[in-house]
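Here's a quick briefing for anyone meeting this structure for the first time. Have a look at the sequence and the model, then read on.

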Amino acid sequence: MVTMSHISSTPLKSGQILNLPRLICQIVGHSILGFLRSIGALSLFVGRATAHCFMPPFFPRLTLRQFIDIGYYSLPVVGMTALFTGMVLALQSYTGFTRFNAEGAVAGVVALSVTRELAPVLAGLMVAGRVGASIAAEIGTMRVTEQIDALVTLSVNPFKYLIAPRLIAGTLMLPLLVLIGDIIGIYGGYIVGVYNLGFSSGNYIEQTWDILERMDVISGLIKAAVFGFIVSAMGCYHGFNSGRGAQGVGTATTYAVVSASILILVFNYILTEVFFS
Amino acid sequence: MSKATSPKIELSDIKKSFGSKIVLDGVDLTVNKGESMVIIGGSGSGKSVTLKCILGLIHPDSGSVKIDGQETLDLRAQERDQMMKKFGMLFQGGALFDSMPIWENVAFGLIQGQKMERGQARTIALQKIEQVGLAAKTVADLYPAELSGGMQKRVSLARAIATSPEIIFFDEPTTGLDPIMADVINELIVDCVKDLGATALTITHDMASVRKIADHVAMIYEGKIIWTGPVAELDNSGNDYVDQFIRGRGTGPINKHAGFKTV
Ligand SMILES: Nc1ncnc2c1ncn2[C@@H]1O[C@H](COP(=O)(O)OP(=O)(O)OP(=O)(O)O)[C@@H](O)[C@H]1O
Ligand SMILES: [Mg+2]
């Protein structure tokens with residue numbers, strides 16, 4: 001508290017230049033404390049929200065609606081992303097592998113990269129942009145217009161009514177989207193391989209099946225579940241704590257997308273480390 | 001104190017600041033069961049914040065809020081959800097759920113809070129919509145954004161009273177309404193207290209409405225309740241601030257630039 005008021009209330013005067021190192025330490029210390037505080041708040045929020053996912057009353061109708069909003073309507077975005085990723089992957093790896101006379105590895109590289117890495121991560125990022133933003137904007141607007149307060153006065157817990165359905169839907173729908181993305185992505189590689197690079201259709205499919213193991217797909221789906229949870233949780237957290245007015249909602253939306261994207265990349269590394277080392 | 005004699009709402013020494021701005025600086029207020037209390041006070045003086053502190057939507061920095069003699073500030077989440085069933089609140093801004101049609105807004109507390117069957121809840125909602133002077137048939141299936149500001153306010157009022165709560169808060173119920181409709185709403189609030197035995201706490205700037213609905217009046221100024229008494233004594237309160245406020249004079253002890261004290 002002392003450091004905080006010191007920074008805000010005293011402008012830097014010439015006599016204080018000598019104090020500069022101290023001032024820098026204060027600023028750094030203050031921002032680290034602020035950072036830790038927001039991590040604490042976030043963990044508390046996520047813990048509370050998760051607990052509410054398992055405690056009745058449940059809202060099945062709302063959860064179903066979120067399944068449709070988050071899952072079904074993200075399908076085109078995720079599908080397109082997967083298709084073109086698979087296609088470009090086949091093209092690029094072919095260029096590389098011909099230099100080592102290893103064209104036969106193209107199908108395997110496409111299958112492994114798509115299922116283990118690219119489908120979950122790219123789908124996660126796309127959904128962060130689409131779903132994370134809309135969750136934050138919707139809940140943020142409800143916060144700003146006191147609709148969340150109104151829920152409370154009508155004896156409905158906003159964690160159960162607003163947040164739990166979105167967390168559940170995010171966590172369950174993203175693996176499903178990624179599974180579809182896996183298939184479309186591999187199919188994209190197949191199209192390029194067969195119609196453009198001259199592979200025989202039977203060969204390509206056989207090579208794909210040969211190399212792909214169950215764990216490759218499952219690890220990708222587990223990643224997807226974690227990413228889906230992250231996207232929903234970030235959207236809800238930033239929306240729920242949205243500042244006042246239209247600007248507050250705008251900022252909340254930005255934070256939701258940015259923080260979800262970064263956390264997805266961080267957790268992607270952590271999970272890969274856990275699964276494959 | 002036994003439950004029978006404890007006041008319905010009892011605030012003592014409620015303090016709340018936002019940043020360095022002190023909004024409530026020790027509010028004491030007692031509302032008895034079946035009483036209609038009206039809070040008056042300048043714009044931005046902390047009236048809405050007071051209501052939100054009672055409801056627990058804003059957590060006061062210090063002080064005590066007792067409902068039926070029970071301290072509420074340290075309630076656990078579930079007990080608080082339970083306690084909320086006693087309350088109905090009309091928000092100053094309406095706060096209607098914009099993703100739901102009007103009737104569902106009004107029926108929300110019945111369907112979600114009381115687990116009433118939807119058909120039955122709709123029937124009650126339509127009645128309440130009629131009671132606030134709207135044609136239920138035409139508005140029931142519209143969305144909040146399709147109504148005028150005053151109509152939204154009345155829907156919000158219908159939602160607040162739909163569950164027949166024991167304690168009802170009205171934050172500026174007649175602002176934005178024409179004089180005739182304002183009178184209809186005033187009557188409705190009086191009915192809630194007289195017929196349903198509810199305890200009401202109303203915020204208003206409209207002196208006609210104060211005289212119509214209040215049993216007791218409290219005036220808030222600079223974060224404190226500076227006067228409280230029966231509505232009959234409002235005109236000879238002997239308090240210069242109250243006198244200036246109810247007569248709406250530009251000059252007097254209340255400075256129009258009155259700011260907030262800071263920490
Ligand atoms: N969430 C908040 N964050 C920061 N300041 C707030 C918040 N809510 C209210 N305030 C401040 O508290 C003060 C009192 O606000 P309040 O809404 O209680 O006024 P009011 O008495 O209801 O006024 P009016 O009659 O205009 O509705 C205002 O100065 C407002 O800026
Ligand atoms: Mg107000």
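Ligand 1 sits in the largest pocket of this predicted model. Residues from chains A and B surround ligand 1, so the two chains share the site. The protein covers 74% of the 640 Å² of accessible area that ligand 1 has on its own.

**Who lines the site**

- There are 16 residues around ligand 1, and the ones that come nearest are B:Ser43, B:Gly44, B:Lys47, B:Ser48 and B:Gln92.
- If you sort the shell by residue type, you get 8 polar, 4 nonpolar and 4 charged residues.
- H1(B) has the largest share of the shell, with 3 residues.

- Which distance separates an oxygen atom of ligand 1 from an N or O atom in the side chain of B:Ser43? That one is 2.6 Å.
- The side chain of B:Glu172 also has an N or O atom close at hand, 3.1 Å from an oxygen atom of ligand 1.
- For B:Lys21, a side-chain N or O atom lies 3.3 Å from an oxygen atom of the ligand.

- As background, most residues other than glycine have a negative phi, and most peptide bonds are trans.
- One exception in chain A is the cis peptide bond that joins A:Pro56 and A:Pro57, with omega at about 0°.
- To find that spot, look at the loop between helix H2 (20–54) and helix H3 (60–71) of chain A, where A:Pro57 has its place.
- Also in chain A, A:Glu146 isn't a glycine but has a positive phi, near 65°.
- You'll find A:Glu146 in the loop between helix H5 (106–144) and helix H6 (147–153) of chain A.
- Is A:Glu146 buried or exposed? A:Glu146 is buried, because its relative accessible area of 17% falls under the 20% cut-off.
- Over in chain B, B:Asp13 has a positive phi too, about 55°, and it's not a glycine either.
- B:Asp13 has its place in a strand, E1 (residues 9–18) of chain B.
- With 39% relative accessibility, B:Asp13 counts as partly exposed, because that label goes to values between the 20% and 50% cut-offs.

Methods: Residues are numbered from 1 along each chain as its sequence is written. Chains are lettered from A and ligands numbered from 1 in the order in which they are written. This is a predicted model: local features need pLDDT of at least 70, side-chain atom pairs count only at pLDDT 80 or more; totals for chains, interfaces and linings use all residues. Side-chain values use heavy atoms; hydrogens and water are left out. A residue is near a molecule or strand if one of its heavy atoms lies within 4 Å of it. A polar contact is a pair of N or O atoms within 3.5 Å; within protein, one must be able to donate a hydrogen and the other to accept it, and residues adjacent in sequence count only if both atoms are side-chain atoms. Accessible areas come from the Shrake-Rupley method with a 1.4 Å probe; for residues, only the protein chains shown count as cover. On a 1 Å grid over the protein atoms alone, a cavity is a set of points where a 1.4 Å probe fits but cannot get out, and a pocket is an open set with protein on both sides within 12 Å along at least five of seven lines; lining residues have an atom within 4 Å of a point. A molecule sits in a cavity or pocket if more than half of its atoms lie within 2 Å of its grid points. Helices (H or I, at least four residues) and strands (E, at least two) are DSSP runs, numbered from the N terminus. Ala, Val, Leu, Ile, Met, Phe, Trp, Tyr, Cys and Pro count as nonpolar, Asp, Glu, Lys and Arg as charged, and the others, Gly among them, as polar. Buried means under 20% relative accessible area, exposed over 50%, partly exposed in between (1.4 Å probe, protein chains only).
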